[in-house]
Amino acid sequence: MKIKFIIPLLALIVFLGVSFQKLQDKPVLYIIGDSTVQNGSGKGSDSLWGWGSFMNLYFNTDKIEIQNHAKGGRSSRTFITEGRWDSIMKTIKKGDYILMQFGHNDGGELADTLRARGSIKGIGEETKDIYNPIRKVNETVYTYGYYMRKYANEAKSKGAIPIIVSPVPRNKFDGKGKIEKDQYGIWAQEVAKQTGAYFLDLNTMVIEKYEKMGAEKVNAFFPKDHTHTNEAGAILNAELVTKGIKQLKGCELKNYIK
């Protein structure tokens, strides 16, 4: 091969190599949670949507990849016991980010025959040995705080940046136009302090927004029940998540926002 053809070919190889390296270095924003984060297959069946399905509206996806791994019906416990967290741990890398929101399903029974998805309330080290009739195995169940610490600490062990998100509130106004703050949101904040993870108080942000709007307007976001939002409600929540990320001091995830 003549030299005049070799030089351009070498330049092309170098260029492709650099481009491929840049592609590999592209950070990933992982999102984990329940149906309020991704409802069903994430395609709006029954007009229901989770906020994680709309984060691409607010981030520059040329610079960061968004992977929404949230799954309806899961708790901080069952997202782990079903192997979903292990799958993420196989690919998550240094410089990636992970938004995690659990709590809606953690208050359920520990070992019922319907779902067996609850976790022990609180953030302590209590445990309970059970027989899981769904999985047909003996299982040690831990507290909500234990599972949330596991997510945060194991993400950090991979060099990723965990952001604990307090659960988006349910549409449950009292007679005075107020919504009670979620106890799981308080526990989520305490776990963030324990682990050094960032904390995004979505529960408080959405409650404040809902209370300003009033029950009548907020009701339009919930076509089926008091927990699951339609597209407009999910987009509002995604917008508030983005606002919360912007307010996190020292968190470089904000650099990828449009």
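1. Phe-102 and Tyr-151 are both buried, where buried means under 20% relative accessible area, exposed over 50% and partly exposed in between (1.4 Å probe, protein chains only). Keep in mind that this is a predicted model, in which local features need pLDDT of at least 70 and side-chain atom pairs count only at pLDDT 80 or more, while totals for chains, interfaces and linings use all residues. Residues are numbered from 1 along each chain as its sequence is written, and side-chain values use heavy atoms, with hydrogens and water left out.

2. How many aromatic pairs does a search of the whole structure find? There are 14. Rings of Phe, Tyr and Trp (its six-membered ring) pair if their centres lie within 6.5 Å; planes under 30 degrees apart count as stacked, over 60 as edge-to-face and the rest as tilted. Phe-102 and Tyr-151 make a stacked pair, with 5.4 Å from centre to centre and 10° between the planes. Phe-102 sits in the loop between strand E3 (97-101) and strand E4 (128-132), and Tyr-151 in helix H4 (residues 144-157), so their pairing ties together parts that are 49 residues apart in sequence. Helices (H or I, at least four residues) and strands (E, at least two) are DSSP runs, numbered from the N terminus. Together with Phe-79 and Trp-85, Phe-102 and Tyr-151 form one aromatic cluster.

3. Now look at Tyr-210 and Phe-222, an edge-to-face pair with 6.1 Å between centres and 85° between the planes. Tyr-210 belongs to helix H6 (residues 202-213), and Phe-222 to the loop between helix H7 (215-219) and helix H8 (231-246); the pair links distant parts of the chain, 12 residues apart. Both Tyr-210 and Phe-222 are buried.

4. Is Gly-50 buried or exposed? Gly-50 counts as buried because its relative accessibility is 0%. You will find Gly-50 in the loop between strand E1 (28-33) and strand E2 (65-68). Leaving aside residues up to four places away in sequence, Gly-50 touches Ser-35, Thr-36, Val-37, Gln-38, Asn-39 and Ala-234; contact means heavy atoms within 4.5 Å.

5. Finally, H4 and helix H5 (residues 183-195) pack at about 40°, with their axes 10 Å apart. Axes are lines fitted to C-alpha atoms, for helices over the stretch in contact, and angles run from 0 to 180 degrees between N-to-C directions. H4 and H5 are therefore oblique to each other (under 35 degrees is roughly parallel, over 145 roughly antiparallel, 65 to 115 roughly perpendicular and the rest oblique). Among the residues that meet are Met-148 and Ala-152 in H4 and Trp-187 and Val-191 in H5.
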